[in-house]
Each structure stands twice: as C-alpha cells, then as structure tokens.
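Hello,

Here is the structure I promised to pass on to you. Please open it alongside this message, and then read on for what turned up.

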Amino acid sequence: MCSVSEPITLVDRPPEGFRFPSGPDEPGPNYLPAEYRAVDPATRGPTAAVKPRCVFIEVTNHCNLLCETCPRTFTTYETPMTLSWENFLRVVAQFPDMTRAVLHGIGEPLLNRDLPRIIGYLKARGVSVLFNTNATLLSEDWARELIAAGLDELRVSIDGASPVTYAQIRGAPLFHKVVKNLKRFCEIQREMGATLPRPSLFMTGMKENIAEVPEVVRLAAWMGVPEVYVQRMVYYVDLKDESSAPGMMTSGHALFDDYDVIEARTLAEAEALGRELGVVLKSSGGMTPSKSLEQSQHRDGKPWSACMRPWTTAYVTANGNCLPCCISPFATNDYDSLILGNLFERPFDELWNEPRYQAWREALLSDAPPKPCAGCGVHWSL
Ligand SMILES: C[S@@+](CC[C@H](N)C(=O)[O-])C[C@H]1O[C@@H](n2cnc3c(N)ncnc32)[C@H](O)[C@@H]1O
Ligand code: SF4
Ligand code: SF4
C-alpha cells in the first residue's frame, strides 16, 4: 500500500510519442453542451416547454470513499440503493428526448456492475454518456469494459496533486492508486486504438488544494489526459437545523467568495502551463477557472437566475426521486425540500410540469430563490 507521504515524480511533458487527440477547444460560450442551450433563456417560466435532453441518472448511492466535501460521507438521505437493470430501463423509458446522460449522483458509479451494459444501451440510443468516478476501483478489466461499451467521457476526481492533500480531502490514502489506475486506463485506451472516452481530471476547488492546480495540470500531461476541470466547492449555506456543517462543507474551506489575487494568479499560472502542455482547463458554465473566479467579482443582483437546469435537465436518484439539479444536495441538508417527485410512482411527464417543479422554477427566476439556488454564481460557479 502507498504511504501518504510518498512523493510522486512527474515529468513535465506528455508520454513519449503521445499526441493529444485533436479534441477539446478552449472553453467558450459554445463549449456548454447543446442540451443546456436547447431552451431560449428569455422564454423560461413556471412550466417547461420541452422535455429534458440531459438526464443525470444515479446508478448507485453507495460509496467506498469518505470525502470530506460530500454529504454521502455524513448522511444517508435515501434508502441505500444500486439501480437495477430493470429500474434503469424504467427510468430511461421516460426520457425519449435524452441526448446526454450523466451516470453519477451521490455515490460511486463503478460500484454498479451493470454499468457497461447501461452505457452500451444508451450508446445504441445515440446518447452521449459520461460520469465522474473516484477511480479507486478502475481496474484493467473495468478500463476495457468501459472503452468497449463506448463511454464518451470519464472524469476522474483527484482533488489534489499530492498524497497528503488527496488523503485530507478524499478521506483515504489512495492518491497513488488513482493515478496508477488512470495512467493505465490511458495506456489501455491507446493500446486499443480507441479515441473515446475523453478522460479528464476533476478538482473540487477549495483552499486546501488551489495551490496544487498547476501540479494537477502537469499530472494530467504526464498521464496523457487532455482536460482538467476546476470547480468551486459547493457547501452548506443553509442548514435545516442548528447543527454545524460536517467535514469541509463550510465557507472556511471554500474558495473566497470575493476575488482573491493569489487564487487568481495560481489559476492563471495553471492555464498558461496548460496551454504549454496541451491540457485545457475548464470550469462550469463554459468558462475557464480564472474567468469563473473573476465573475464572482462582477455578480449582478441575482446570478442564480442564469441557471437553465430545471428547464433542460432531469436528475433521478437510484430510488427514482427527481431533484432540480446536481448542485442542490451539496448546498442544503434540507433534502426533502429538493424532492420534486418520484418517477417510479408517477410518470415523469406529469411531474415535470406539476406544482413542485413549477414553484422551483418560479422562485429561481425571482429575487427570493430556493435556498440552494441563492449560492449559485455567488459562492460557487453555476
Ligand atoms: C458526488 S461525486 C459522484 C461521483 C464519484 N463518486 C466521484 O467522486 O467522482 C461527483 C463529483 O462531485 C465532486 N464533489 C464532491 N464534493 C463536492 C462539493 N462539496 N462541491 C462540488 N463538487 C463536489 C466530486 O469530487 C466528484 O467529482
Ligand atoms: S465525492 Fe464521490 S467518492 Fe467522494 S464520498 Fe462523494 S460520492 Fe463518494
Ligand atoms: S441550485 Fe443552482 S444549479 Fe440547482 S437549480 Fe438552483 S440555481 Fe440551478
């Protein structure tokens, strides 16, 4: 087993002979997946005119890590459940217009052994498929199965460039294992001559790891990974009861709400290094991470109202509950307030424009948004 203090030596160039796929453009307005741009923002009202094209499907809510930023570590909001093949079919039958499927919720997707079959099914329907994973279980067999199934994107959560930072945030001394697994995944992909999935590293940006972003870019280049995501940590701004937020889910660990010059410099340095090494840095909303941080300086009166998710996206848990988005369960512990219906009990077609969804949308467009929305575009990137 690797010790947390064991150093890792990185070269600052991609592997010998390796060429990044012609792939990703610099982030920009058109980088946002088409599914999020399918609705004209000016037409948003309490009802949604189109059915969701992007669907988050939580293939399990079990997890094998204890991340300090994640509600799964501290709470069991729903009955522990792995989505069965039959229930997966019941979910996808309700989304005929789906073109993009994100196969994670709060849990580790590689704990669902049906995942390759699920991906294969969605690919046969012409859906673009991706998920985030902690990659601790990403064995060679998993690698071959995911590549063969036709997965489009594999986002590996890393949260740091050192074993110490990784263990501090992810709750287990598994940095070397994750790096080894993803590096081997990239090698197998090249051996198989496969251009997909597009691998990336995913960082939850916070005070503890922001200084390591440039090293994460080097790490990506070393492994042959063409993209690094840096997204500001979402944390509890609204607690249902008087309890204090658990773990690192507090403002004390989050990046400064206001522009911070050291963070800005670090991100600019990482982006420059990325340009040199051929690694693209992305944040949410089609922005670069530094642009996302800078925007927190120029927020208008209600930045959350730029959100398109409850008009374009469905989020379905392993128990069939429908939530407004993937961010909200990280922003409040009032989980019941997020459940807008259950599609194993009622058809999604009915839920989508029923009063609970309508009330969420109406509030989101107002000066008094639902509590989790009030932090979007303010404390963290939308
Ligand atoms: C909830 S996880 C589920 C997938 C998988 N278990 C994983 O860790 O990648 C999805 C993503 O959320 C990130 N994440 C965890 N806590 C977060 C927080 N408080 N704010 C924003 N993202 C967070 C994880 O690092 C991961 O990339
Ligand atoms: S972030 Fe992912 S790996 Fe970590 S506890 Fe949450 S679900 Fe598990
Ligand atoms: S919490 Fe954020 S992402 Fe979710 S619906 Fe509200 S504004 Fe949109």
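**What was found**

Around ligand 2, the shell of residues divides into five nonpolar, three polar and two charged. Please keep in mind as you read that this is a predicted model.

To find that shell, look for C63, L65, C67, C70, R72 and T73, together with I106, G107, E108 and N134.

The other two ligands have their own surroundings. Ligand 1 is surrounded by 19 residues, and the closest are T69, H104, N132, S157 and V234. By class, ten residues of the ligand 1 shell are nonpolar, eight are polar and one is charged. If you want to see which strands take part, β3 and β5 each supply at least two residues of this shell.

Ligand 3 has 13 residues around it, of which C307, C325, P372, C373 and C376 come nearest. Its shell divides into eleven nonpolar residues, one polar and one charged.

Next, the sheet. Nine strands form an open sheet with mixed pairing, and their order is β7-β6-β5-β4-β3-β2-β1-β8-β9. The edges are taken by β7 (280–282) and β9 (322–323); each has a single partner strand, so one side of each is left without a neighbour in the sheet. Further in, you can follow one pairing in detail: β1 (residues 54–57) and β2 (residues 100–102) run parallel and are joined by three bridges. Start from C54, whose bridge partner in β2 is R100.

How do α3 and α4 lie relative to each other, parallel or antiparallel? The axes of α3 (residues 115–124) and α4 (residues 140–149) come within 8 Å and cross at roughly 15°. Angles under 35 degrees count as roughly parallel, and α3 and α4 are therefore roughly parallel to each other. In passing α4, α3 makes a right-handed crossing. On the α3 side the contact is made by P116, I119, G120 and K123, and on the α4 side by E145, L146 and A149. By class, this contact of α3 with α4 has four nonpolar, one polar and two charged residues.

α4 also packs against α6 (residues 175–192), at an angle of about 50° and with the axes 10 Å apart. That angle makes α4 oblique to α6. The crossing of α4 and α6 is right-handed. Here E140, A143, R144 and I147 of α4 meet R184, F185, I188, Q189 and M192 of α6. In this contact of α4 with α6 there are five nonpolar, one polar and three charged residues.

Which residues does a cis peptide bond join? They are L196 and P197, with omega at about 0°. P197 sits in the loop between α6 and β5 (198–205). The other detail is A135, which has a positive phi of about 60° although it is not a glycine. You will find A135 in the loop between β3 (128–133) and α4.

I hope this helps you find your way around.

Best wishes

Methods: Residues are numbered from 1 along each chain as its sequence is written. Chains are lettered from A and ligands numbered from 1 in the order in which they are written. This is a predicted model: local features need pLDDT of at least 70, side-chain atom pairs count only at pLDDT 80 or more; totals for chains, interfaces and linings use all residues. A residue is near a molecule or strand if its C-beta atom, placed from the backbone, lies within 6 Å of it. Ala, Val, Leu, Ile, Met, Phe, Trp, Tyr, Cys and Pro count as nonpolar, Asp, Glu, Lys and Arg as charged, and the others, Gly among them, as polar. Axes are lines fitted to C-alpha atoms, for helices over the stretch in contact, and angles run from 0 to 180 degrees between N-to-C directions. Helices (H or I, at least four residues) and strands (E, at least two) are DSSP runs, numbered from the N terminus. Angles under 35 degrees count as roughly parallel, over 145 as roughly antiparallel, 65 to 115 as roughly perpendicular and the rest as oblique. A crossing is left-handed if the near helix is turned anticlockwise from the far one by less than a right angle, and right-handed if clockwise. Two residues are in contact if their C-beta atoms, placed from the backbone, lie within 7 Å. Two strands pair if DSSP finds at least two bridges between them.
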